[in-house]
Amino acid sequence: MITVLLVDDHQIVRSGIKRILQDAEDIEVISEASSGEEAISKVKELHPNVVLMDVSMPGIGGIEATRKLLRVDSNLKIIALTVYADEPYPTSLLEAGAAGYLTKGCDVEEIVNAIRAVNRGEPYIVKDVAQQMALSKLPGGKKNPFEKLSQREVQVMLMITQGQKLQDISDKLCLSPKTVSTYRYRLYEKLSVENDVELTHLAIRHGMIDQIQ
């Protein structure tokens, strides 16, 4: 039996995925979590085989949670399951250690196949995301300004655009406030924006975040 932890800040999403997976005889959803912090506690307690993880959540979010979860259990298999198909999210999650990447528009069979694949030790990236990742690397390929960001910069960007305060970001990422400020101004420089409002508007225009977080 493949044991699964569902991590998403929307209960209706978790309930829907759980219902979908109930028909798979070899998969069992053993628990749910609404944040990265809660996921870490649940993994320490329950030791699931696979975690289905949303990217954009309150708190540390999916990227940082992926890194921390793999420090807790290096054998854990994490699949990102998110609305975001464009870079830099896929690369950021995979670099953080995720074994798979799915979009919430994929069908039931694909979720089940991904869980089985990563449990066997095989990576799994939904086809449209894999194609976009490949095309973005080609000369003249469609570029997203957020592709310039490092994995850590993406995480800080998400937390800033969620309206989290500097000290909160500092505490959750275990960084000094000075370091977080450095990341913030590096974001401004790389993305040619002057403040958090412009950063948020740019993120919305490029589909990096929803209109309302």
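Contact is taken here as heavy atoms within 4.5 Å. The structure is a predicted model, in which local features need pLDDT of at least 70 and side-chain atom pairs count only at pLDDT 80 or more, while totals for chains, interfaces and linings use all residues. Residues are numbered from 1 along each chain as its sequence is written, and side-chain values use heavy atoms, with hydrogens and water left out.

With neighbours within four places in sequence set aside, Tyr 89 is in contact with Val 55, Tyr 84, Tyr 101, Val 154, Met 157, Leu 158, Met 208 and Ile 209. Tyr 89 is also one of the residues that touch the most other members of the largest nonpolar core, which has 57 residues; Leu 21, Leu 52, Leu 102, Ile 115, Phe 146 and Met 157 are the others named. A nonpolar core is a set of buried Ala, Val, Leu, Ile, Met, Phe, Trp, Tyr and Cys residues joined through side-chain atoms within 4.5 Å. A second, separate core contains 15 residues, among them Leu 5, Met 53, Met 57 and Leu 70.

Helix H4 spans residues 89-96, and its residues Tyr 89, Pro 90, Ser 92, Leu 93 and Ala 96 are buried. Helices (H or I, at least four residues) and strands (E, at least two) are DSSP runs, numbered from the N terminus; buried means under 20% relative accessible area (1.4 Å probe, protein chains only). These H4 residues lie on the same side of the helix because they cover an arc of only 165° around the axis, the arc being that of the directions from the helix axis to the C-beta atoms. Just after H4, Gly 97 takes a positive phi of about 120°.

Helix H3 (residues 61-72) contains Ile 63 and Thr 66. Ile 63 counts as buried because its relative accessibility is 0%, and Thr 66 is likewise buried, with a relative accessible area of 0%. Beyond neighbours within four places in sequence, Ile 63 is in contact with Ser 92, Leu 93, Ala 96, Gln 151, Val 154, Gln 155 and Leu 158.

Strands S1 (residues 2-7) and S2 (residues 27-33) run parallel and are joined by six bridges; strands pair if DSSP finds at least two bridges between them. Val 7 has Ala 33 of S2 as its bridge partner. Together with helix H1 (residues 11-21), S1 and S2 make a right-handed β-α-β unit: with the strands pointing away from the viewer, the path from the first strand over the helix to the second runs clockwise.

Notes:
Buried < 20%, exposed > 50% of the residue type's maximum accessible area, 1.4 Å probe, protein only.
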